[in-house]
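Subject: Structure handover

Hello,

I am passing on the structure we talked about, so please open it and keep it beside you while you read. My notes on what was found follow directly below it.

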Amino acid sequence: MILQFILSLTSLACFILTILSNERSLALIVLLPIMFFGFAGAGLLETCRSSNRRCQPYNTTMPVLLLFAPSMALLVFYVVRLGVYHDHFQTIPSLLDFGPRNGGQEPTNIAFEVDSIDSYIHCFQGFLASCLIFVAMMMTPSLFLWQRFLETISLLMTFYPVYNFVKQWNVNADTFATSSYFNNGMEWTMGSFTGMAVGSCFYSLVQSRKSDDSDTTTTTTCDKKKKKKKEEEEEDNRGWIHVIAKYLSLAICGVMGLACWASIFGAVVYSWNSWNNCFDDSTTDCVNYDSEKPQMTILVYLVIIPLIIAVVTVVWAFRCRARQEKTEKQRNKESEKESYTSAEEQQQQKQQQQVDEEE
């Protein structure tokens with residue numbers, strides 16, 4: 001909830017800076033307002049929902065670890081390369097221009113070029129990756145197979161950042177820092193955050209309506225028992241297809257998520273290694289050329305970005321899991337207490353009926 005407000009305010013600040021700049025990227029003008037309203041709406045809806053005890057938190061451990069956190073690490077990495085080192089690479093942040101390609105031998109690396117259909121395909125892949133995961137979260141246990149299918153498709157969309165790294169490493173390893181890895185990756189990442197904003201807002205809206213409906217209906221202890229028993233029966237009746245789908249989905253999602261993380265750290269190392277390189281070793285006529293080797297502090301700064309995000313995410317995941325287990329135990333205790341109270345009331349009613357009959 002707090003992170004959603006932070007992302008919303010950050011999107012608004014970036015949009016204002018873009019508008020005030022002389023050169024503006026059309027993609028930023030279009031996508032940043034969507035992110036602002038999406039994250040702000042999701043944050044407000046979650047704030048309203050948090051006061052309702054009947055609404056239980058959803059399990060976001062898997063998508064956060066394997067999708068949202070890598071997207072955040074990529075975005076921060078690209079922003080640092082684009083904005084902090086703009087003098088070294090002659091970038092234009094408001095235009096999403098990462099500077100001359102391959103040390104000045106080719107045109108500049110501009111994300112979201114108007115005449116490039118590939119830019120929008122990259123963006124759409126990132127959008128689907130984040131948006132589909134929220135659609136999967138909204139599905140009921142009866143749609144288990146569809147839920148696993150959408151989760152798998154969502155994590156498969158992280159294939160592009162991995163492919164982008166492997167391609168540029170294979171073709172432009174010596175000038176990786178000035179390759180098209182950055183502008184292509186920024187397109188996917190902007191799409192991912194747009195999908196995150198739209199998906200989280202839509203999810204919060206649906207959950208808020210469910211919370212309102214639950215407030216208008218009275219659920220007895222007997223109804224809760226029947227619902228819980230039905231869910232347990234549905235889970236027991238799941239056949240081998242559901243078991244295979246579950247573990248196959250987890251395996252695919254895990255491999256894709258870890259591959260995405262590995263590609264991020266690989267990109268950091270190769271960017272630092274080619275920080276001052278030109279396209280040809282015998283040439284010194286490029287914007288980022290420096291006869292000295294890149295400073296080790298640059299590598300530390302670049303590595304620490306995804307490392308901190310990964311560590312914080314893992315710690316959050318363990319704390320979230322512990323909190324969910326604690327909530328589940330507390331819920332079971334309350335259910336047992338309600339059952340015991342209900343049994344006592346029934347016993348008292350029987351005793352009262354016997355007294356009435358004797359009189």
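E151 is buried, with a relative accessible area of 11%, where buried means under 20% relative accessible area, exposed over 50% and partly exposed in between, all with a 1.4 Å probe and protein chains only. Its partner R148 also counts as buried, at 15% relative accessibility, and R148 forms a salt bridge with E151 in which the closest N and O atoms are 3.1 Å apart. A salt bridge here is a side-chain nitrogen of Lys or Arg within 4 Å of a carboxyl oxygen of Asp or Glu, and by this rule the count comes to one. R148 and E151 are three residues apart in helix α6, which means that about one helical turn separates them. An α-helix has 3.6 residues a turn, so residues three or four places apart point the same way.

Before going further, please note that this is a predicted model, in which local features need pLDDT of at least 70 and side-chain atom pairs count only at pLDDT 80 or more, while totals for chains, interfaces and linings use all residues. Residues are numbered from 1 along each chain as its sequence is written, and side-chain values use heavy atoms, with hydrogens and water left out.

Helix α6 (residues 144–156) also holds L145, which is partly exposed at 38% relative accessible area.

As for the whole protein chain, it has eleven helices and two strands, which are DSSP runs numbered from the N terminus (helices H or I, at least four residues; strands E, at least two). From the N terminus on, the elements run α-α-α-α-β-β-α-α-α-α-α-α-α, and of the 359 residues 41% count as buried.

Where is S274 found? S274 is in the loop between α10 (240–273) and α11 (296–358), and it counts as buried because its relative accessibility is 0%. A polar atom of the S274 side chain lies 2.8 Å from the backbone oxygen of Y270. Leaving aside its neighbours within four places in sequence, S274 is in contact (heavy atoms within 4.5 Å) with residues including A173, D174 and N288.

Finally, consider helix α7 (residues 159–171), whose 13 residues should span 18 Å at 1.5 Å a residue, which agrees with its end C-alpha atoms being 18 Å apart; the expected span is 1.5 Å times one less than the number of residues. Among the buried residues of α7 are Y160, P161 and F165.

Best wishes

Technical notes
Polar contact = N/O pair within 3.5 Å; in protein donor to acceptor, adjacent residues only side chain to side chain.
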